[in-house]
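Q: I have a structure open and would like to go through it with you, if you have a moment.
A: Of course, let us look at it together.

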Amino acid sequence: MKRSNFFLPTLKENPVDAKVASHRLMLRSGMVRQSSAGIYSWLPLGLMVLKNIESIVREEQDKISQQILMPTIQDAKIWKNSGRYSDYGKEMLKILDRNKKELIYGPTNEELVTEIFSNNVLSYKDVPMCLYHIQWKFRDEIRPRFGVMRGREFLMKDAYSFDLNEDDAIHAYNKMFINYLNIFKKMGLKAIPVKADTGPIGGDLSHEFVILAETGESKIFCDSNIFKQSIDNIDYEDKSLVSKIVKHWTSFYSSTQETLDENLYHSLVSSNNRIQKNAIEVGHLFYFGTKYSEPLNASVVNEDGNKIFVKMGSYGIGISRLIAAIIEVFHDEKGICWPESVAPFKVGIVNLRQNEKNCSDISQNIYEKLCSTGVAVLYDDRNEGAGSKLADMDLIGIPWQIRIGPKSLKNNCVELKQRNKNDEVEINISNIVNEVRKKIVKQ
RNA sequence: CGGGGCGUAGCGCAGCCUGGUAGCGCACCUGUUUUGGGAACAGGGGGUCGAGUGUUCGAAUCACUCCGCCCCGACCA
């Protein structure tokens, strides 16, 4: 993509309403624009990142679940049947259609997915089943803030598992647990599972996945050893291995403010391993058994011919919130520093002297070669001052920068710089494309 | 929902108290000179002053009503 053709309205100055780094940087880098309180439009750069995160989530979830797509608008009736129509209260956006039929804009999908299941799955032979979808949700938050971190409209991946018995259901829960660790790892994040409150979703087993960040809205308490643990891809059908891994991860004390047991915390974690920090919640697992399957009559007939209600769990990841969380973790005073896996472009070319033919020819040439090898590259071909082009490139956070100017062209070289490192290296023009490709593949 | 604050050009703000032709910086357009960390000069465009009602010869400015947005508290991916 050439910058001159790319819709990227960056801002030099800080919007006064944006209080946290991620919000400020998302506005300044032209990723989003606010449309209403807690409601945002996604501009090309922001949408690219959103799609990248979505792909990572999809790739992993496909290993243990099947993707569907449910509507944003739901019939209020199923919410009345589950009893949540009133429980959810004012957070739920209620709508009347032309026939005065009551609809809602979905804040989550337990009811709807349960209805789909109950209407279409009748036999124990069709479970276990796990379905997920990635869809916009709306929760009429009392106070939306911090940009997409706590928007009212947000993109969420939510998965739902259906099992015959509690043992199988826990296995589904555990698979999701490990799947989440892998998802966040792929985004360069160190997410930690925290024992959690179940909130209005309900149930008795629940973990939040959180990312440590100054601006996080919840406080967590945990054992620092949890950060030293690693996760690998595994065979999800190996029930005992899955359970063993989850047991291992949950053996380290971690809790939110709400579930903190101070005595237990102090007895299990030595004082120099205790971490008490702000964190951003980016994922949540719930096991809630038959809480929805009973009222919504989601049952299957088992081997003995008896009708049994399925045991369910639900599992969310805040896709749009993750962007904010990633920026909170990966930024500096100049702007965003994207992890490569989610970066909108892998490489940015900064032509420092657009109106010198030599610089422009070489820039254009490198740009074309990188494009033709499938590298996502943004070429800043505008006729702007070098300073402003460099500052802009730093702001939008592309991981690799190729800087092309007279200084190094004298040596037949261009400069390669990693966004989050200070050193830049001169590389011969004839090698630059291969060098960059090697670095990108290696990561 | 309680408490506080703010709505004037795309962004940041002044003007309002004390009513009298709507301003500044950045951004944008044209031209020239520039170019290694957000360039300089010259010229230019852009506003139903959040909306409505009232007071007045006259309202961005005063009064009332409504709306929107932000911040602080109790809920949540």
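**Contacts with the RNA**

A: To begin with one contact in this predicted model, a polar backbone atom of Gly 151 lies 2.8 Å from a base nitrogen of RNA strand B.

Q: Ok, which element gives the largest share of the surface near RNA strand B?
A: That is helix H11, which spans residues 386-396 and contributes seven residues to this surface.

Q: How many charged residues does that surface have?
A: There are 22 charged residues, alongside 14 nonpolar and 14 polar ones.

Q: Switching topic, which residues of the largest nonpolar core touch the most other members?
A: The core has 80 residues, and among those touching the most other members are Met 31, Tyr 180, Met 187 and Trp 338.

Q: Which helix gives the most to it?
A: Helix H6, covering residues 166-186, gives the most to this core, with 10 residues, and the core draws at least three residues from each of domain 1 (3-335) and domain 2 (345-442).

Q: What does Met 187 touch?
A: Leaving aside residues up to four places away in sequence, Met 187 touches several residues, including Ile 53, Leu 322, Phe 330 and Val 342.

How values were computed. Residues are numbered from 1 along each chain as its sequence is written. Chains are lettered from A and ligands numbered from 1 in the order in which they are written. This is a predicted model: local features need pLDDT of at least 70, side-chain atom pairs count only at pLDDT 80 or more; totals for chains, interfaces and linings use all residues. Side-chain values use heavy atoms; hydrogens and water are left out. A nonpolar core is a set of buried Ala, Val, Leu, Ile, Met, Phe, Trp, Tyr and Cys residues joined through side-chain atoms within 4.5 Å. Buried means under 20% relative accessible area, exposed over 50%, partly exposed in between (1.4 Å probe, protein chains only). Helices (H or I, at least four residues) and strands (E, at least two) are DSSP runs, numbered from the N terminus. Domain bounds come from an automatic or database domain assignment. Contact means heavy atoms within 4.5 Å. A polar contact is a pair of N or O atoms within 3.5 Å; within protein, one must be able to donate a hydrogen and the other to accept it, and residues adjacent in sequence count only if both atoms are side-chain atoms. Ala, Val, Leu, Ile, Met, Phe, Trp, Tyr, Cys and Pro count as nonpolar, Asp, Glu, Lys and Arg as charged, and the others, Gly among them, as polar.
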